[in-house]
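Biologist: Let us go through this model term by term. I will ask what each label rests on.

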Amino acid sequence: MECVSSASYSICINGSLQGKFPGKRGLRQGDPMSPALFLLCMEYLSRLLKVRTNTLTFKYHPRCEVLKITHLAFADDLMLFSRGDLPSVKILIDCLNDFKNVSGLDINSFKSNLFTAGIIGDELDNIFNLLNFPLGTLPVRILGVPLAAQNLNVNHYAPLSMMNCLYINKWTANSLSYLW
């Protein structure tokens, strides 16, 4: 917290630093400390999820049970996985609420979605009321990779494959030397 709360700033005028004033609102976007502190926060969330989901009431998503996967995080995106029953979802939401109380980081409801497969009726209504997220539809692309409830075929991966080919072609063209 000393790194965050003791920051001060100077203004560069005509190549020389002028004045010094304290930061009042913590880290700002683009601050070099932001990624490191965010990783520490995500590590705390990962450990919290690991401890809280290690109970008999939490049920893993069927495809995540063997490896005991409860979440995947990339940059500032977080995906949570559980079986579609209210106690399991409640454990995940309680973890996020506790994380919010400790870190000050909150869920952006406008950017969040609930994805379900095979959950209908009262169970779905109860989960939907607990979360207040809009219901997303599958398949969906997350970081360019398709996510679906059923097995995907080659056509689902075509845009990702084409993007990779474009990057590789640009990279190899930049590596060529035209000098003889």
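Modeller: Two strands pair if DSSP finds at least two bridges between them. Strands (E, at least two residues) and helices (H or I, at least four) are DSSP runs, numbered from the N terminus. This is a predicted model: local features need pLDDT of at least 70, side-chain atom pairs count only at pLDDT 80 or more, and totals for chains, interfaces and linings use all residues. Residues are numbered from 1 along each chain as its sequence is written, and side-chain values use heavy atoms, with hydrogens and water left out.

Biologist: What makes β3 and β4 a pair?

Modeller: Four bridges join strand β3 (residues 71-74) to strand β4 (residues 77-80), in the antiparallel sense. Two would do, so they pair. H71 has L80 in β4 as its bridge partner. Two residues lie between the strands of this hairpin, and A75 takes a positive phi near 55°.

Biologist: How do you know that β1 and β2 pair?

Modeller: Strands β1 (residues 8-13) and β2 (residues 16-22) share five bridges, again antiparallel. Y9 stands opposite F21 in β2. This hairpin also has two residues between its strands, and N14 takes a positive phi near 55°.

Biologist: Why is F21 called partly exposed?

Modeller: Its relative accessibility is 39%. Buried means under 20% relative accessible area, exposed over 50%, partly exposed in between (1.4 Å probe, protein chains only). F21 therefore falls in the middle class.

Biologist: Which residues does F21 contact, beyond four places in sequence?

Modeller: S8, Y9 and I11. Contact means heavy atoms within 4.5 Å.

Biologist: Why are α3 and α4 called roughly parallel?

Modeller: Helix α3 (residues 86-103) and helix α4 (residues 122-131) pack at about 10°, with axes 10 Å apart. Axes are lines fitted to C-alpha atoms, for helices over the stretch in contact, and angles run from 0 to 180 degrees between N-to-C directions. Angles under 35 degrees count as roughly parallel, over 145 as roughly antiparallel, 65 to 115 as roughly perpendicular and the rest as oblique. So α3 is roughly parallel to α4.

Biologist: Which residues meet there?

Modeller: L86, V89, K90 and I93 in α3 meet E123, N126, I127, L130 and L131 in α4.

Biologist: Which residues touch the most other members of the largest nonpolar core?

Modeller: L45 and L131, out of 17 residues. Such a core is a set of buried Ala, Val, Leu, Ile, Met, Phe, Trp, Tyr and Cys residues joined through side-chain atoms within 4.5 Å. Helix α3 gives the largest share, seven residues.
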